[in-house]
Amino acid sequence: MSGTPAAGAVLPTPTPIPFREAVRVWVRVAVQSFGGPAGQIAVMHRILVEEKRWISEPRFLRALNFCMLLPGPEAQQLAVYMGWRLHGTTGGVVAGTLFVLPGVAAILLLSFLYVAARGLPAVDALFFGLKAAVLAIVVDALLRIGRRALGSPGRVILAAAAFVALFFFQAPFPAVVLGAGLLGWVLFRDPATTGEILETDTGEPPSGKRSLRLLLVCLLLWIAPLFLLAALWGPRSIYLQLGAFFSRVAVVTFGGAYAVLPYVAQEAVSSQGWLSAGEMLDGLGMAETTPGPLIMVLQFVGFLAAYRNPTPLTPAAGGVLGSFVTTWVTFVPSFLFVLLGAPYVERLGRHRAAQGALSAITAAVVGVIANLSLWFFLHVIFGSVEERRIGALRLLQPDTSTLSYPALLIAAAALVAMLRFQLRVGWVLLGGVAAGLVWRLVAA
């Protein structure tokens with residue numbers, strides 16, 4: 001066949017991709033990264049695999065599977081991996097940074113507008129409908145992930161156990177994730193993942209020296225700001241609290257933003273009182289409607305926490321610093337995980353125990369998101385929810401007289417639009433906002 005090279009023929013070396021051109025592409029990806037991880041991954045696939053043909057389909061899928069193994073936002077980590085694949089460590093840092101910059105700027109601006117305009121009837125009406133639409137989006141995520149992850153009775157039991165542990169006993173989120181991973185490592189080994197272990201074909205081959213250097217640099221970048229905050233304002237500073245808490249969050253966020261929100265809500269809402277449950281939903285709505293990963297909702301949490309406890313800064317300066325500290329400790333670990341592990345992807349991807357741990361964590365994440373869905377439902381649909389304790393058991397008891405029928409109808413309509421008519425997230429959010437505004441105008 002004319003299209004097949006002769007035996008022993010030397011294949012042409014691929015033309016190197018100019019770094020400047022790659023940067024322009026990463027800017028394109030960043031400004032189009034709406035719609036959560038599914039939409040963001042689709043954008044990267046369309047541009048890098050189909051349009052530019054810089055990355056092959058198998059390599060793209062292998063990289064995606066690797067990023068799914070990691071804690072943190074998988075779409076941003078995929079951008080880091082693709083940038084690393086094209087231009088090494090520098091390419092990974094540039095791609096991952098550009099991916100989050102539009103979202104950081106948008107969330108910071110919206111955070112200022114939120115604290116300045118909250119209480120105005122039009123703004124309250126806007127967020128009334130937005131929260132109901134976000135509730136539907138979370139339930140849709142629960143159903144989609146559940147269909148994909150719960151393929152066996154063992155995984156269903158694991159998801160149910162995670163839900164019960166979190167919702168009724170407030171078990172620590174990291175313990176649930178780590179426990180599921182350990183069970184999966186031992187019990188959920190998939191024979192389909194066995195086979196020959198191949199060396200990874202990368203521009204930066206596995207190297208102990210490189211790994212050690214990268215580990216030291218990233219750990220210094222991650223931890224040094226926390227020591228600086230402690231030196232400036234002491235261990236009780238809100239900024240150090242944010243840095244330490246969200247550093248812990250960064251290493252247990254398996255399953256993305258929806259999975260980590262119950263853990264953040266448990267600490268930020270219930271324990272620390274940095275913001276309310278409704279405000280957490282408002283922040284998720286902002287993250288849904290802006291470019292960048294959904295995990296940017298954590299930036300909003302950091303902003304509000306520091307804005308309300310700014311000492312020794314002004315509220316505005318405190319909010320900005322809290323926002324940046326939260327964003328920094330959320331994403332620096334993602335760069336570390338990807339850049340450190342990328343040269344070993346093929347080995348990890350073919351490890352039965354690692355795949356078993358991932359499948360178990362994914363199953364537990366279904367229970368985590370179910371916990372989030374019910375928690376959000378109670379706080380969106382009812383105006384008052386009381387907590388009761390019976391020993392170690394926690395019960396959330398809504399006041400049925402505060403049931404909001406308009407919020408329930410908006411959420412139900414949004415869910416039907418997504419499940420029955422496959423309406424995209426952006427339109428669902430716009431519809432929720434419009435419905436909230438119309439309802440408040442009619443009720444007034």
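Mentor: Let's begin with a term: a residue counts as exposed when its relative accessible area is over 50%, and as buried when that value is under 20%. Keep in mind that this is a predicted model.

Trainee: Thanks! Is Leu-187 buried or exposed, then?

Mentor: Leu-187 counts as exposed, because its relative accessibility is 56%. You will find Leu-187 in helix H7, which covers residues 173-187.

Trainee: Which residues form a nonpolar patch on the surface?

Mentor: Leu-187 belongs to that patch, along with Leu-183, Trp-185 and Val-186. Together they have about 410 Å² of accessible area.

Trainee: What about a value between the two cut-offs?

Mentor: Anything in between is called partly exposed. Val-416 is such a case, with a relative accessible area of 45%. Val-416 sits in helix H16, residues 405-419.

Trainee: How many residues separate Val-416 and Ala-136 in sequence?

Mentor: They are 280 residues apart along the sequence, yet their C-alpha atoms are 8.7 Å apart in space.

Trainee: Now to a whole helix. How far does H1 reach from its first C-alpha to its last?

Mentor: Helix H1 runs over residues 19-31, and its 13 residues reach 19 Å, close to the 18 Å expected at 1.5 Å a residue. Its buried residues are Ala-22, Val-25, Trp-26, Val-29 and Ala-30. These residues cover an arc of only 140 degrees around the axis, so they lie on the same side of H1.

Trainee: Which exposed residues does the face turned away from the buried side carry?

Mentor: On that face of H1 you will see Arg-20 and Arg-24.

Notes
Residues numbered from 1 in each chain as written. Predicted model: local features only at pLDDT ≥ 70, side-chain atom pairs only at ≥ 80, totals over all residues. Heavy atoms only, no water. Helix = DSSP H or I, 4+ residues; strand = E, 2+ residues; numbered from the N terminus. Buried < 20%, exposed > 50% of the residue type's maximum accessible area, 1.4 Å probe, protein only. Expected span 1.5 Å × (residues − 1). Arc of directions from axis to C-beta. Patch = residues over 30% accessible without salt bridge, like charges linked within 9 Å, V, L, I, M, F, W, Y side chains within 5 Å. Areas by Shrake-Rupley, 256 points an atom, 1.4 Å probe, with all protein chains shown as cover. Salt bridge = Lys/Arg side-chain N within 4 Å of Asp/Glu carboxyl O.
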